[in-house]
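Welcome, and please have the model open beside you as you read. We will start with rings and charges, then move on to helices and a few backbone details.

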Amino acid sequence: MSRPQAAVAASIVILLAVALPASAQQDAIPTQVHPGSAHEIVKYGVAADDGCLLYFGGEPSGPCSGASRGPLRGRLTIDAGQPPGPTELHCQPCHRVGASSTSTRKPPTTSTGPVTTSESPTTSAPTTFTSPSVEESSPKPPAGYARRPAGTRLKLATVTVLAAPAPPPAQPAVENTELLDLPPRTWLAILAGLVLAAAALAGLRFVRRRGGKPPPLQPPTGLPEPGIRPVRVGISDLAGSPAPSAIPLTPDIGYVLWVDIGELSGADTSREVPLDVVAFDSTPAGLRPMVMGTSARRVGLTAGDTGRVVFDLRTPARSARRRLRVGLYCRGVLWQSFAVEADVGWPEEGGGWRAERDYVAAYGLDPSLLDTAAPHALSIMVNHNTADEHGIHVFFADGAVPMAAGIPAAHLHRLQARARDLYRRLEAAPGSIDAALGALALHGRNVYTAIRPRIDPALVRAGLDPVPLWQRLRDRVRVQVIWPDGCAQPLPAAIVYDFPLAEVGSAELRACRAFFDDLIARVEPRCFGGRCLSDSDTVVCPAGFWGFRLLLGSPPSLATDRPVPDRPVESADPPALVLGKAMDPAFVLRDRHLRRLRELLPGVAWYEENRRAGLLARLRAVQPSLIYLYCHGGVDEEQGIGWVEIGDGERLSARGLPDDLYRSWRSRPLVLLNGCSTAALGNDQPNPLTQRLLWAGAGGIVGTEIDVGETTACRFADHLVPLVLGANRELGDAVRMSRLELLRTGSVAGLSYLALACPDLRLTVEE
């Protein structure tokens, strides 16, 4: 700002300070008051005329002062004997504006209860008045407020009376009629203007905040427990005052969606990582979005207080319920997510806005730990918008591009069920590789076209070209596919097929010979370069499947109702494998498979148990790198709880893991549940086994979505375990390579294995 501009601004500040009435400079009632205190109240409401009554804690005062449709002004006095508790302030219009009516009201009286009120001016006799009819040219109420019919009671505020020594009683407010008899806040404004003018003359440079908004409020400094960073999400008006969460937002006005990121005490202050704070707008197609302007902001995350990140909102002109989502990403990885639901204009009772953290992969957001995360090209979150709709939220790390779209929940469920049915059928009767890949590709293309066409229009509306963003996925990049805490996996990501495909039946499709020639020769298939060598839309190339090409990972959310401090992994030295095996004589390949693994892992400490009690005792005594359960799996039909079978018919479920295992595994082991349908065990139940293992400290789970045969289970583990424990490969890459090894033998069942972990998970920390 130049000196002349600063001088003009100073003059305006002084003039406004003098010209504005003292009442307009009053603040709203504080949220907390002390017994024996008095407070001036100025709040725009729904006053029809001077006959509206202002209610304090249920007791009416005299008529509201001020002009019709003007500010409601009054004085709240809290008696010294007032017990602690909430006191609500209400305004009750006497009638509907525009209809004549006559009403008699008693004058304000001195209350003998704990709450008394006074108004100035008041009368000592009953007041009789007649409501005038309002002409069309009458001035409108203040923006954001509407007139209400007679008897409507509107809550203006709720104050909490504190149990604390009473401060000295406040002096009564006096209307200011002379310039020298101004309230203190006016004098402070004049002084601020003088300081501003002096600074301009001294040559100081002022930087205007964007939008003229006040400085951000500081986030809370209190921590639930060490190692947890406070993060809050909320909505405020343009002046920075929090929007009451129990009151619907006003239609067609501006608000601010804010994210406060507090301090992580005790963390390394020298490290800084880029954090992308993203606001998704889940606006139905054809409607104006609420988020205005940029929906992604990048900040430098350190151990210190990052402050407040804001996004401009504009509510719709009509009553509606809108949904937003806030995501915190580092290197393309989603670490925390908040669902925000806001009622606009309705309902009158029970409406408002809510913000809930429903996904968390790290509570501390420690830069030292986030800096170790490998970059991801894409993050996809699928959440339940309503019972009938899922929301798909994608974040392309290249360019920090966030987009959201809706998809019918029933449609997505059918896609998931169809994928699992195909996996089961092909596992039970493999048939030819051409037929198997053809059936999978046709359905995988359906999944792809259910996602991308819903995202591309939003990208185009934002002025972006979708092709380069999706083309980035033709490389072998890391992709995160996640869902909120407590929800089942809704998206069959591994089966997604994104190469061109003709509108033909599966019998007319054939597998890519060039890909299989390279695969059988154990060389890197050339089709992974981004384009199939056959260049035909009647050829199914395995490189077109996400499960065969991408490094996929689906890390489950930590418990959002119990914060868990982040901590670095402590690698076991030497690496340790704890094996729990079922002794079913039908497992004819078990012993040979386990002997082969021991030979491939000579430097790994091996602990083998075939009884449930022995396994639990071993898990208490050892810091494992890998927990391998070679088992049966199922669900208790009576209680609906998933289980795995250890030993001779002994079952281990979520309730069987003792409480003293909580956070015991500092080594953050990978758990391989090599059995039937183990990745979804108890996923729709209150105590799923997968969540209980994460609760105990597991870094991730690998399991199956269907029932698999012993041959498939042994072949998959023969490749996965040595890759992650012997060669220290990233989990996403190890799962991808294990799927390809099964494909080399003619089986597509590797796509049914799901990694519930970060794709860059390693079992040994590299120094």
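## Charges over rings

In this predicted model, the charged end of arginine 692 sits over the ring of tryptophan 695, 3.7 Å from its centre. The term applies if NZ of Lys or CZ of Arg is within 6 Å of the ring centre and within 35 degrees of the ring normal. Phenylalanine 528 has a charge over its ring too: the charged end of arginine 736, 5.5 Å from the ring centre.

Residues are numbered from 1 along each chain as its sequence is written, and side-chain values use heavy atoms, with hydrogens and water left out. Local features need pLDDT of at least 70 and side-chain atom pairs count only at pLDDT 80 or more, whereas totals for chains, interfaces and linings use all residues.

## Aromatic pairs

Searching the whole structure gives 12 aromatic pairs. Rings of Phe, Tyr and Trp (its six-membered ring) pair if their centres lie within 6.5 Å; planes under 30 degrees apart count as stacked, over 60 as edge-to-face and the rest as tilted. Tyrosine 448 and tryptophan 470 make an edge-to-face pair, 6.1 Å centre to centre with 85° between the planes. This pair links distant parts of the chain, 22 residues apart: tyrosine 448 is in helix α5 (residues 433-461) and tryptophan 470 in helix α6 (residues 466-471). Helices (H or I, at least four residues) and strands (E, at least two) are DSSP runs, numbered from the N terminus.

Tyrosine 448 is buried at 8% relative accessibility, and tryptophan 470 is buried at 4%. Here buried means under 20% relative accessible area, exposed over 50%, and partly exposed in between (1.4 Å probe, protein chains only). Elsewhere, ring pairs join Tyr497, Phe499, Phe545 and Phe548 into a cluster.

## Helix packing

Helix α4 (residues 409-428) packs with α5 at an angle of about 165°, their axes 11 Å apart. Axes are lines fitted to C-alpha atoms, for helices over the stretch in contact, and angles run from 0 to 180 degrees between N-to-C directions. The contact (heavy atoms within 4.5 Å) involves residues including Leu415 and Leu422 of α4 and Ala439 and Val447 of α5.

## Backbone details

A cis peptide bond, with omega about 0°, joins aspartate 573 and proline 574. Proline 574 is in the loop between β26 (551-553) and β27 (576-581).

Leucine 365 has a positive phi, near 45°, in a residue other than glycine. Leucine 365 lies in the loop between β19 (353-360) and α3 (367-370), and is buried with a relative accessible area of 0%.
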